[in-house]
Amino acid sequence: MSSRPDPVRAAARPAPRTAGIILAAGGSRRLGRPKQLLPYGSGVLLDAVLATARDCAFGQTVLALGGAAAEVERAVDTSGCDVVLNPDYGEGCASSIATALAALHPETDAVVLLLGDQPGVRAASVRAVLGALHTPAGAAGIAMCRYDDGVGHPLAFARRLLPELAALHGDKAVWKLLEQRADDVVEVRTPGPVPQDVDTEE
């Protein structure tokens, strides 16, 4: 008896539709100028994050802008992204998450959160957290990176957690959700330190 997979059945199981949400709506209060546009590599900070997102080959990439949105759109190549504007960006990143989630394709199966001021995150880490959600058991609702010195982004969320993600309020609400949903969280071993996010000139 052949053990080869049935090609008809395989075709009936489409690959999960994934979306990347890039949170780049902050007003850069501590820095005093748009950190999305700070020089980085051969471009600016946000260029590097968008390059990572493109390397991930998401089914959809949603870029949430708010503070300095017009300047960012003039300076940064946002091609391939669905750009959404969050007028309430001053209320914290949860408002940007909700704005971005509202723009998702209705058949999205999983979402990855990326920070617009954290250029050190690698596409391999994104693929790892998505892979942790899509295990045969299918038990994990949230996957996050466990670096050598702590936990951090990227964070991946299964479809069933998206309503709770959309209902968050404030700046650190995602981490509170991870605490509340500890039984749903899987940590993905990721070598190296937590990638730094940019808040000051230093």
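This is a predicted model: local features need pLDDT of at least 70, side-chain atom pairs count only at pLDDT 80 or more; totals for chains, interfaces and linings use all residues.
A nonpolar core is a set of buried Ala, Val, Leu, Ile, Met, Phe, Trp, Tyr and Cys residues that are joined through side-chain atoms within 4.5 Å.

**View 1. The largest nonpolar core holds 32 residues.** Among these residues, Ile22, Leu46, Phe58, Leu63, Leu114 and Val126 touch the most other members. Two or more residues each come from β1, α2, β4 (60–65), α3 (69–75), β6 (110–115), α5 (123–133), β7 (142–147) and β8 (150–158), and it is α5 that gives the most, with six residues.

**View 2. Leu114 and its contacts from elsewhere in the sequence.** When neighbours within four places in sequence are left aside, Leu114 is in contact with Ile21, Ile22, Leu23, Ala53, Phe58, Val121, Val126 and Pro154.

**View 3. Helix α2, residues 45–56.** This helix has twelve residues and reaches 18 Å from its first C-alpha to its last, which is close to the 16 Å expected at 1.5 Å a residue. Its buried residues are Leu45, Leu46, Ala48, Val49, Leu50, Thr52, Ala53 and Cys56, and just after the helix Ala57 takes a positive phi of about 55°.

**View 4. Lys35 in the loop between β1 (18–24) and β2 (39–40).** Lys35 counts as buried because its relative accessible area is 14%, which is under the 20% cut-off. The side chain of Lys35 makes a polar contact with the side chain of Asp117 (2.8 Å), while the C-alpha atoms of Lys35 and Gly116, which lie 81 residues apart along the chain, are separated by 8.9 Å.

Notes
Residues are numbered from 1 along each chain as its sequence is written. Side-chain values use heavy atoms; hydrogens and water are left out. Helices (H or I, at least four residues) and strands (E, at least two) are DSSP runs, numbered from the N terminus. Buried means under 20% relative accessible area, exposed over 50%, partly exposed in between (1.4 Å probe, protein chains only). The expected span of a helix is 1.5 Å times one less than its number of residues. A polar contact is a pair of N or O atoms within 3.5 Å; within protein, one must be able to donate a hydrogen and the other to accept it, and residues adjacent in sequence count only if both atoms are side-chain atoms. Contact means heavy atoms within 4.5 Å.
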